[in-house]
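Hi,

Here is the structure I said I would pass along.

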Amino acid sequence: MELLKQTLWVLWKDLLLELRRRESILAMFFFGTLLLFVFHFAFEIPAEKAAEMAPGLLWLAFLFTGTLGLTQLFQAERENHCLDALLLSPMDRASLYLAKVFFNLFLMLLIELVVFPLFWVLFNLAFWNLLPSLFLVAFLGTIGFCVLGTLFSAVTLKARARELLLPLILFPLMIPVILATVRGMEIILRTGKFTEAFSWLRLLIGFDVIFFTVGFLIFEWVIEA
Amino acid sequence: MAGTMQKRGRGRRVTGILALAFILVGLYFALIEAPPDAYQGDVQRIMYVHIPSILTAYLSFFIVFIGSCLFLWKREKRDDILARSAAEIGVLFTSLTIIEGSIWGKPTWGVWWTWDARLTLTAILLLIFVGYLMLRSLIEDENRGAVCSAVVGVIGFLDIPLIHMSVYWWRTLHQPPSILRPDKLPWENVHPSMLIALAVNFAAFILLYFYLLSLRFRVGEMEEEVKTLKLYGGAS
Amino acid sequence: MSAWGFVFLAYGIVWFALLIYLGNLKRRFRKVERELSSLRSSGGLKKNA
């Protein structure tokens with residue numbers, strides 16, 4: 001399919017750029033780790049409370065790190081009128097959206113893969129066997145974040161105070177994802193199983209599907225404005 | 001064209017006068033005629049403005065959604081002005097809802113704020129409205145600002161049911177032990193004049209809302225016309 | 001504060017805020033109307049709105 005081809009092209013370009021310069025990934029990684037350190041100083045977490053608080057703190061760290069990635073997302077396109085060139089080409093706008101979503105998702109997943117175990121080590125947590133299930137929930141949440149975040153990264157592209165405006169608009173709309181992810185992870189840590197968390201997971205999947213579709217349809221108008 | 005404007009202006013004036021009438025009657029019923037609640041006492045009277053406020057806030061959000069959708073589809077300036085006006089008035093009514101809810105909460109629950117579902121949802125609604133307006137003001141290009149805030153308007157509205165669900169689940173699964181259930185209105189033995197008070201105040205708010213919206217819309221239209229005239233110096 | 005105190009506080013804030021906003025709107029309306037008519041007359045436009 002043409003759309004898929006174009007998406008892969010742009011994605012490949014972004015991945016290659018990132019591989020060579022490693023700007024975003026390193027910055028995001030260090031920022032995420034730094035946040036963990038700050039959380040450790042800011043919050044006294046007794047052992048019994050660790051399971052309760054871990055999901056929230058982790059997800060907070062991912063949110064802020066992810067936002068950092070989002071502000072960088074269209075950076076390459078902003079330089080040298082790249083975006084105008086892309087828009088002049090007959091490329092399907094939606095493929096740009098898809099490529100950016102996948103790119104940001106890729107970055108965030110890489111970071112989560114590292115930060116999750118790091119968090120576990122730094123905060124002396126047990127339940128290592130639950131990490132895969134936790135990661136699955138985080139994965140679904142990250143999709144939601146990337147889907148909406150990419151759209152709003154484009155929306156705030158030419159706005160002043162962009163770094164402040166993006167979270168201001170994005171975070172209230174992300175509340176279902178934040179709640180569902182954190183509660184889901186908490187339930188898994190408490191009970192060790194998925195069963196009670198199903199309604200939250202369904203909400204997450206619903207959110208992902210709805211806003212992936214909406215973003216896919218609307219992106220064209222946003223980027224051409 | 002002049003005829004339509006005049007008809008609109010007249011309709012607006014009629015709405016305004018009706019609103020005033022309903023407001024006055026509503027005040028009478030709310031403060032004098034309706035009896036104090038069996039459980040909450042006189043404090044319950046705040047509900048006669050609180051419930052209409054919250055409904056008006058949601059109505060406003062719906063109009064922002066409609067305006068945004070129409071604008072994204074047809075790109076007519078009019079729809080953008082409608083959305084913008086509804087957002088502005090929506091911020092007003094949403095803020096009032098939160099303030100009323102907080103004032104009601106102090107004697108009822110003993111605290112000025114609690115993270116119960118209703119208050120939390122209203123606060124989130126306010127945040128989305130504010131985001132909409134801030135985006136507008138921070139984007140310099142008029143047209144881009146309109147398109148981008150329309151996107152926020154559409155997505156915000158679509159998100160509301162999901163936000164609703166998640167917040168309600170969160171609150172019902174994590175009920176703090178000592179607090180009573182704040183999202184149930186403890187109205188037993190509803191006296192008829194209480195219902196009348198609520199109905200009249202509800203009508204009053206809706207009428208007032210549409211009066212304000214129509215006025216704000218007209219102001220927006222005229223400001224647009226001024227801009228066009230200044231820009232093109234007489235050619236319309 | 002008594003119950004009625006809270007009630008009057010709430011009602012007071014609500015109607016005060018609404019009145020202020022209405023006043024603000026009316027002022028804006030008059031200002032724009034003035035601007036519009038001055039622009040139209042100075043531009044020599046014969047068009048009605």
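Predicted model: local features only at pLDDT ≥ 70, side-chain atom pairs only at ≥ 80, totals over all residues.

Helix α1 of chain A covers residues 2-21. Its 20 residues at 1.5 Å each should span 28 Å, and the end C-alpha atoms sit 29 Å apart, which agrees. The buried residues in α1(A) are A:Gln6, A:Thr7, A:Val10 and A:Asp14. Because these cover an arc of only 105° around the axis, they lie on the same side of α1(A). What do the buried residues of α1(A) pack against? Their partner is α6 (93-122) of chain A. On the face turned away from the buried side you'll find exposed residues: A:Leu4, A:Lys5, A:Trp12, A:Leu16, A:Leu19 and A:Arg20. Just after the helix, A:Arg22 has a positive phi of about 50°.

Now for chain B. The C-alpha trace spans about 65 × 40 × 25 Å along its principal axes. Of the 236 residues in chain B, 45% are buried. Among contacts in chain B with a separation of 6 or more, 78% are between residues 24 or more positions apart.

Finally, chain B touches chain C: 31 residues from chain B and 25 from chain C take part in the contact. The chain C side has 19 nonpolar, 2 polar and 4 charged residues.

Cheers

Definitions and conventions
Residues numbered from 1 in each chain as written. Chains lettered and ligands numbered in written order. Contact = placed C-beta atoms within 7 Å. Nonpolar A, V, L, I, M, F, W, Y, C, P; charged D, E, K, R; others polar. Helix = DSSP H or I, 4+ residues; strand = E, 2+ residues; numbered from the N terminus. Expected span 1.5 Å × (residues − 1). Buried ≥ 20, exposed ≤ 12 C-beta atoms within 10 Å, placed from the backbone. Arc of directions from axis to C-beta.
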